[in-house]
Amino acid sequence: MNRNEKTALIRENVPSLLYWYRANARVLPWRSDPTPYHVWISEIMLQQTRVEAVKPYYLAFIGELPDIPSLAAVDDGRLMKKWEGLGYYSRARNLKKAAVAVTQTMGGSLPADYERLLSLPGIGEYTAGAISSIAFGLPKPAVDGNVLRVLTRLLADEREVTDPAVKKDLTALLEEVYLAFPGDSSALTQSLMELGATVCLPNGVPKCEDCPWADACEARKAGRAEEFPFKAPKKPRRIEERTVLLLRHGGKYAVRKRPERGLLAGLYEFPSLDGHLNEEEVRRAAGAAFGEIASVTPLPDAIHIFTHVEWKMRGYLIDCGTASAELIWATPEEIKNEYAVASAFRTYKNTVLQGE
């Protein structure tokens, strides 16, 4: 299938997609009032996070930070607390950086300009396309994994989908299609997202019986829908073993802030040591680092998976005879409400909160 044929196939099937979307679109809080700010916040939250998980975070975030000036002015610690549980905290930091830039150089409003949106921290091609098309109605597609999956199945495109050149080419095809449907850019972007999220599913059997493109889909006609998109095997994650210490003294627990650069930058954590240590090793190491140790109690193991690293954690509750001045000592209530503890430590944070 040549380029013109691919463009024609997509264009011919846009009306059925738009009709399907208008009849089947999910009710989502950011769709009720798709201002540029609302689209921006929701799309950043939705990166690496499921829709159902995002809903309460989005509503709470917009409730406290309803506009760009409030986001630009928010305290960093409060911002991290509002983001706690969503992960990938650099997204939140970039939101504030972009809000400050918009306030200082763009009159306090996101611009109806794709290239200027791209210039802002944390806004890549996908997010710029989403804001441009959904909020401003510009003919700019937003191409992510969902959209790539839909297109590669429709076209039976056997190219390696993680190749940037493939994404660039399919984005250009969509741009041509968008120009043929002036006034429908917002619905077209959202319909492609919706189709990929609810019907043309990954990692399983797509719901072809519910798909408005079923009769046109080249992969389905060939009986190969589940073979697409083509992806190279992922590299295995690096495994790191850590021993997490819940240090307790006088009803308070020790936390510390991680460095401003690197993994989980700027978030709070419970102190930890490299490797998996046994009780005696923990007693010696913790005593040397944090002072007198009264007791050591094993806690459940935990695992946290990052994009390229997997932490395998062993935990201990340690009652300390003294409170090391090198650490922050906080009550369970303070840890719950004031300190943005990285979600990697959720198992051990829950242990603290259950002891309130």
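Rings of Phe, Tyr and Trp (for Trp, the six-membered ring) make an aromatic pair if their centres lie within 6.5 Å; planes under 30 degrees apart count as stacked, over 60 as edge-to-face and the rest as tilted. With that in hand, welcome to the tour.

This is a predicted model, in which local features need pLDDT of at least 70 and side-chain atom pairs count only at pLDDT 80 or more, while totals for chains, interfaces and linings use all residues. Residues are numbered from 1 along each chain as its sequence is written, and side-chain values use heavy atoms, with hydrogens and water left out.

**Stop 1: aromatic rings**

Select Phe270, Phe306, Trp311 and Phe345, which form one aromatic cluster. For another example, show Lys140 and Tyr114, where the charged end of Lys140 is 4.5 Å from the centre of the Tyr114 ring.

**Stop 2: an aromatic pair**

The whole structure holds 8 aromatic pairs. One of them joins Phe61 and Trp83, edge-to-face, at 6.1 Å centre to centre and 80° between the planes. Phe61 lies in helix α4 (residues 51–64) and Trp83 in helix α6 (residues 76–83), so the pair ties together parts that are 22 residues apart in sequence. Helices here are DSSP runs (H or I, at least four residues) and strands likewise (E, at least two), numbered from the N terminus.

Are these two residues buried or exposed? Phe61 is buried at 0% relative accessibility, and Trp83 is buried at 0% too. Buried means under 20% relative accessible area, exposed over 50%, and partly exposed in between (1.4 Å probe, protein chains only).

**Stop 3: His304**

Select His304 in strand β5 (residues 293–305). His304 is buried, with a relative accessible area of 17%. Beyond its neighbours within four places in sequence, His304 is in contact (heavy atoms within 4.5 Å) with residues including Trp311, Met313 and Ser343.

**Stop 4: two helices**

Finally, show helix α3 (residues 36–46) and helix α9 (residues 125–135), whose axes come within 9 Å and cross at roughly 145°. Axes are lines fitted to C-alpha atoms, for helices over the stretch in contact, with angles from 0 to 180 degrees between N-to-C directions. Residues making the contact include Trp40 and Ile44 of α3 and Tyr126 and Ile131 of α9.

How values were computed
A charge sits over a ring if NZ of Lys or CZ of Arg is within 6 Å of the ring centre and within 35 degrees of the ring normal.
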